[in-house]
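Good morning, colleagues. I would ask you to look at the model on the screen while I take you through a few of its features.

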Amino acid sequence: MHDQLNKFAMYTDEELMHFIMNGEEFAFNELYKRYAKKLLGYFTRMLNYDKTMAEDALQDVFLKIAEAPNKFDNSRSFRTWIFTIASNQCKNFYRHQTVVNEKREEIKYLNAIVNENALSKIVSKLDGMNFNTMLETILNEMPIEKKEVFILKYQEDKTHEEIAEIQSCSAGTVKSRLHYTLKILEEKLHQFNPNN
């Protein structure tokens, strides 16, 4: 069995999909081994660090591949295709989310008047871990496509073209979303700027 698994390690993702279409279970296992950890990390960040939900989303992606491998278009990059499926999973999650009322309370809190000087003094003492926590909080407040574009670009190292394909939009729209997201982050994280 071990030899069977290693046999598939030398094939490209696209070639593995061809084997999967022909019922090769070990080819599927190899793809799972290649992508499960990376996709779990993506889902974890996209689904607000809900580990159970991230694991469920991961299983759903691979279930879709197992049930209908022929939906893969061999002219496309498998890597981009699987992230497109993952992106759609996240969009479905946000569409069906029932926490709108909870978010309204958060928005009221966020709009409260804050003493900027006191806040700056506190924030200037925060370390890198707190910066990351604030970054995640701000990203979670953004529209899903803006949060996703940031994660795909800076945490998944995708090109503008790959992101455009994943998000089903133009590269120009990706650049615009990225610009917007970076502007918001720059404003909300200005306390961490060493030049302040």
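With which residue does Lys33 form a salt bridge? The partner is Glu30, and the closest N and O atoms are 3.4 Å apart. A salt bridge here is a side-chain nitrogen of Lys or Arg within 4 Å of a carboxyl oxygen of Asp or Glu; the structure holds ten of them. Lys33 and Glu30 are about one helical turn apart, because they are three residues apart in helix H3.

A word on the source. This is a predicted model, in which local features need pLDDT of at least 70 and side-chain atom pairs count only at pLDDT 80 or more, while totals for chains, interfaces and linings use all residues. Residues are numbered from 1 along each chain as its sequence is written, and side-chain values use heavy atoms, with hydrogens and water left out.

Let me turn to H3 itself. Helices are DSSP runs (H or I, at least four residues), numbered from the N terminus. H3 has a kink of about 40°, centred on Tyr35; the bend is the angle between axes fitted to the seven residues ending there and the seven starting there. After H3 comes Asn48, with a positive phi near 55°.

Finally, the packing partner. Helix H2 (residues 13-21) and helix H3 (residues 25-46) have axes that come within 8 Å and cross at roughly 145°. These axes are lines fitted to C-alpha atoms over the stretch in contact, with angles running from 0 to 180 degrees between N-to-C directions.

Terms used: Helices (H or I, at least four residues) and strands (E, at least two) are DSSP runs, numbered from the N terminus.
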